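Student: I've got a model open and I'd like to go through it with you, bit by bit. Can we start with the overall layout and then zoom in?

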Amino acid sequence: ELLETTLKRLRPIARKRDIEVVLESLRPVTAEVDEVKMSQIFTNLVENAIKYNKEHGWVKVLLDADHQFFTVDADHKYFYVKVADSGIGIPEEDYEHIYERFYRVDKSHSREIGGTGLGLAITRSAVTMHHGTIQVASKEGEGTTFTVRIPLSYIP
């Protein structure tokens, strides 16, 4: 529901650039999360996927739960959210810096695209607060996929 609400809010922005936004939920996921922080994670990732996309592009959001990955505590189960896009991509040498405050991958277009360079720093902080992980995979000119993994039970 939280993902659907976020996408409903962001689709009009995507429509202005003819970017299709699709949500695929492989199974219903119920998790104990901080709704405000989780909404911030989804919003930042999907907004970036729209902002750094090509006209007539796409953004695919995938939600799934996985019970086969366990930590030391065998009761820890996770859900995954993948945000993939057909956008401009991120150079591999920038991967380690993208979560730094005020870091901008493409400084030449920073003014026209907008933003503060804080989105991914805030996103990683919110993911970490939930004892989760965030990973990026990207190819310049082809797109980017962020994968967020969060335990189903939130322990502050």
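Student: In what order do the elements of the chain run from the N terminus on?

Tutor: Keep in mind that this is a predicted model. The secondary structure comes to 4 helices and 5 strands. Reading from the N terminus, the order is α-β-α-β-β-α-α-β-β.

Student: On to the helices. At what angle do α1 and α2 pack?

Tutor: Helix α1 covers residues 2-15, and α2 covers residues 35-51. Their crossing is right-handed, and the axes sit 10 Å apart. The angle between α1 and α2 is about 30 degrees.

Student: How do the residues of that α1 and α2 contact divide by class?

Tutor: From α1, the residues taking part include Leu3, Leu7, Leu10 and Ile13. On the α2 side you'll find Met38, Phe42, Val46 and Ile50, among others. The whole contact of α1 with α2 divides into 10 nonpolar, 3 polar and 3 charged.

Student: Serine 39 is in α2. Is serine 39 buried or exposed, and what is it in contact with beyond its sequence neighbours?

Tutor: Its relative accessible area is 18%, and buried means under 20%, so serine 39 counts as buried. Leave aside the neighbours within four places in sequence, and the contacts of serine 39 are Leu2, Thr6 and Arg9.

Student: How far apart are the C-alpha atoms of lysine 8 and valine 21?

Tutor: Along the chain, lysine 8 and valine 21 are 13 residues apart.

Student: Now α2 and α4. How far apart are their axes?

Tutor: Helix α4 spans residues 119-129, and α2 passes it in a left-handed crossing. The two pack at an angle of about 145 degrees, with an axis separation of 9 Å.

Student: Which classes make up the contact of α2 with α4?

Tutor: Among the residues in α2 that meet α4 are Lys37, Ile41 and Leu45. In α4, those taking part include Leu120, Ile122 and Val127. By class, the α2 and α4 contact has 7 nonpolar, 5 polar and 1 charged residues.

Student: Which residues of α4 are buried, and what covers them?

Tutor: The cover includes α2, and the strands β4 (133-139) and β5 (143-151) are part of it too. The residues of α4 that end up buried are Leu120, Ala121, Thr123, Ala126 and Val127.

Student: Which residues form a salt bridge, and how close do the N and O atoms come?

Tutor: Side chains of opposite charge can pair when their charged atoms come close. The structure holds 1 salt bridge. Aspartate 64 and arginine 27 form it, with the closest N and O atoms at 2.5 Å.

Student: Which parts does that pair tie together?

Tutor: By accessibility, aspartate 64 is buried at 18%, while arginine 27 is partly exposed at 38%. Those two residues are 37 apart in sequence. The parts tied together are strand β2 (residues 58-66) and the loop between β1 (20-25) and α2.

Student: What's up with the phi of aspartate 18?

Tutor: Most residues other than glycine have a negative phi. Aspartate 18 lies in the loop between α1 and β1 and is partly exposed at 46%. Its phi is positive, near 55 degrees.

Key
Residues numbered from 1 in each chain as written. Predicted model: local features only at pLDDT ≥ 70, side-chain atom pairs only at ≥ 80, totals over all residues. Heavy atoms only, no water. Axes fitted to C-alpha atoms, helices over the stretch in contact; angles between N-to-C directions. Left-handed = near helix turned anticlockwise from the far one by under 90°. Contact = heavy atoms within 4.5 Å. Nonpolar A, V, L, I, M, F, W, Y, C, P; charged D, E, K, R; others polar. Salt bridge = Lys/Arg side-chain N within 4 Å of Asp/Glu carboxyl O. Buried < 20%, exposed > 50% of the residue type's maximum accessible area, 1.4 Å probe, protein only.
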